[in-house]
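Please look at the sequence and the model below before reading on. The notes that follow are grouped by topic.

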Amino acid sequence: MSVVSGPFDLAIVGAGIVGLAHALAAAKRGKRVVVIDRDAQANGASIRNFGFITVTGQQRGACWERALRSRDVWVEIAEAAGIPILHRGLCVSARRPEAASVLAAFCETEMGAACRLLTRAEAERLVPQLAPEAASAVLWSPHEVRVESRTAIPALARFLEQYHGVTMLRSTLVKDATPPVIETTRGRIEAEAVIVCPGTDFQTLYPERIVAQGVTTCKLQMLRVDPGPAAGRFDAALMSDLGLVRYLGYAELPEAAALKRRLAEEQPAALENGVHLIVVRSADGSLVVGDSHHYGDTIDPFAPDSVDAIILDEFDAVLDLPERRVVERWTGTYASASDKLMFVDRPRDDVRIVVVTSGTGASTSFAIAEEVIGELFGSSRPLA
Ligand SMILES: Cc1cc2nc3c(=O)[nH]c(=O)nc-3n(C[C@H](O)[C@H](O)[C@H](O)COP(=O)(O)OP(=O)(O)OC[C@H]3O[C@@H](n4cnc5c(N)ncnc54)[C@H](O)[C@@H]3O)c2cc1C
């Protein structure tokens, strides 16, 4: 016996952003969709991230283009889905001349066409808390939007249910996904096709196929910071020198080599712990700050204070907020692979496995989903 009435055109395993993005793309085509998740509420990478829909800095080519398209979809659905956009754009501050050279080179690429270097006065207007040594070279990107993931993902799921007629089935593990039969812990579901979006669960469905992609898991430490009573408003996402050697849109530019050498000498602990700085603001004025990157096949549950201290050192180098106070800490994990940012696997004609193997899922999933649904259902463009 099944707990939902079908049959469905499409069953999606996983109600993170990857699964929900596929549900949206399929529902827009009029498909009957069921999304199945083992958790009672969203709890994976998709609610633990910055909610920072990043375009500038994504790897040149497909990833950058997918980020632009996905940003448009976030903006399109935000109002109807009740997802506030908390701020727009990105400031990347360069404290070292080598970092300023990367920013200047980035502006010369096609990805930098809509970006520009700010004057010190402009930078200080946009982020008044910038430390003086962080305000001399600042890149402005207009592309980014920021949502509060821990409320945005549940809001997106509700929007899919209420506005697009998607069936959401929670607290239900999918044990086998071989269309037309989907075996779950709450009975059988019938669907013509399945898309498996399992996040970091590489073992339950099609494990041989997923493991063959060379996947591992990345753990990240995150902080929420109260900026203090006199902090003023903070109106764009902020990144710093360390991000320029991690984000491939900058890191793959030849100019990044000199910055990497200098950072290896001056901030080796940051590089060893995969620390870079992203700061975004929430509706209550608090700042979401991160992060670090540690890799392993089984992720330990520990979040050393020494790693948080490295993140906060970078925060303090860039922002002049002497009364800041950490008010919350958490870790998140995402799938990772050394040779790809994402993959779509096709174990059968009626099954796709979609995994984002990098920290780009919030920024690219809507576009990936449009491509996958277009290919699965036979046309490359989604219906409006
Ligand atoms: C701390 C952190 C910061 C990040 N920062 C950014 C950022 O700034 N920008 C950006 O674009 N991305 C960022 N990311 C990456 C982004 O969050 C991920 O790429 C994205 O959330 C992955 O989405 P997902 O749907 O694959 O995974 P998840 O959100 O983990 O969802 C997978 C779901 O599948 C379910 N599931 C798995 N197997 C089964 C099964 N057999 N049956 C039923 N349910 C199943 C799980 O319960 C889970 O709910 C960050 C990630 C983290 C952790």
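Which side chain does E110 meet in a salt bridge? The partner is R60, with N and O 3.0 Å apart; a salt bridge here is a side-chain nitrogen of Lys or Arg within 4 Å of a carboxyl oxygen of Asp or Glu. This is a predicted model, in which local features need pLDDT of at least 70 and side-chain atom pairs count only at pLDDT 80 or more, while totals for chains, interfaces and linings use all residues. Residues are numbered from 1 along each chain as its sequence is written, and side-chain values use heavy atoms, with hydrogens and water left out.

**Salt bridges**

- Side chains of opposite charge can pair when their charged atoms come close.
- The structure holds 32 salt bridges.
- The pair of E110 and R60 links distant parts of the chain, 50 residues apart. E110 is in the loop between α4 (97-108) and β5 (116-118), and R60 is in the loop between β3 (52-53) and α3. Helices (H or I, at least four residues) and strands (E, at least two) are DSSP runs, numbered from the N terminus.
- E110 counts as partly exposed because its relative accessibility is 44%. R60 is partly exposed too, with a relative accessible area of 43%. Buried means under 20% relative accessible area, exposed over 50%, and partly exposed in between, with a 1.4 Å probe and protein chains only.
- E266 and R262 also meet in a salt bridge, at 2.7 Å from N to O. Both lie in helix α9 (residues 256-266), four residues apart, which is about one turn of the helix.
- An α-helix has 3.6 residues a turn, so residues three or four places apart point the same way.
- E266 is partly exposed at 40% relative accessibility, and R262 is partly exposed with a relative accessible area of 27%. Salt bridges that share partners join R96, E98, D241, R262 and E266 into one network.
- D339 forms a salt bridge with K340, where the closest N and O atoms are 3.3 Å apart. D339 is exposed, its relative accessible area being 59%.

- Strand β1 (residues 8-13) and β2 run parallel and are joined by four bridges. Two strands pair if DSSP finds at least two bridges between them.
- L10 stands opposite V33 in β2.
- β2 also runs parallel to strand β7 (residues 167-169), with three bridges joining them. T167 in β7 is the bridge partner of V34.
- Strand β2 (residues 33-36) is covered on both faces. V33 and V35 are buried on one side, and V34 and I36 are buried on the other.
- In a regular strand the side chains alternate between the two faces of the sheet.

**Helices**

- β1, helix α1 (residues 17-28) and β2 make a right-handed β-α-β unit. Right-handed means that, with the strands pointing away from the viewer, the path from the first strand over the helix to the second runs clockwise.
- Twelve of the twelve residues of α1 are buried, so the helix is largely enclosed by the rest of the structure.
- α1 reaches 16 Å from its first C-alpha to its last, close to the 16 Å expected. The expected span is 1.5 Å times one less than the number of residues.
- Just after α1, G30 takes a positive phi of about 85°.
- In helix α6 (residues 149-164), the buried residues include A152, I153, L156 and F159. What covers the buried residues of α6 includes α1, β7 and α12 (361-377).
- Just after α6, G165 has a positive phi of about 70°.

**Cysteines**

- A search of the whole structure finds zero disulfides; a disulfide is a pair of cysteine sulfur atoms within 2.5 Å.
- The closest cysteine sulfur to that of C107 is in C115, 6.3 Å away, which is too far for a bond.
- For C197, the closest cysteine sulfur is in C63, at 17 Å, also too far for a bond. C197 counts as buried at 7% relative accessibility.

**Around R246**

- R246 lies in the loop between β12 (237-239) and α8 (248-251), and counts as partly exposed at 30% relative accessibility.
- Leaving aside its neighbours within four places in sequence, R246 is in contact with A251, G274, H276, H293 and Y295. Contact means heavy atoms within 4.5 Å.
- R246 and G274 are 28 residues apart along the chain, and their C-alpha atoms are separated by 8.2 Å.
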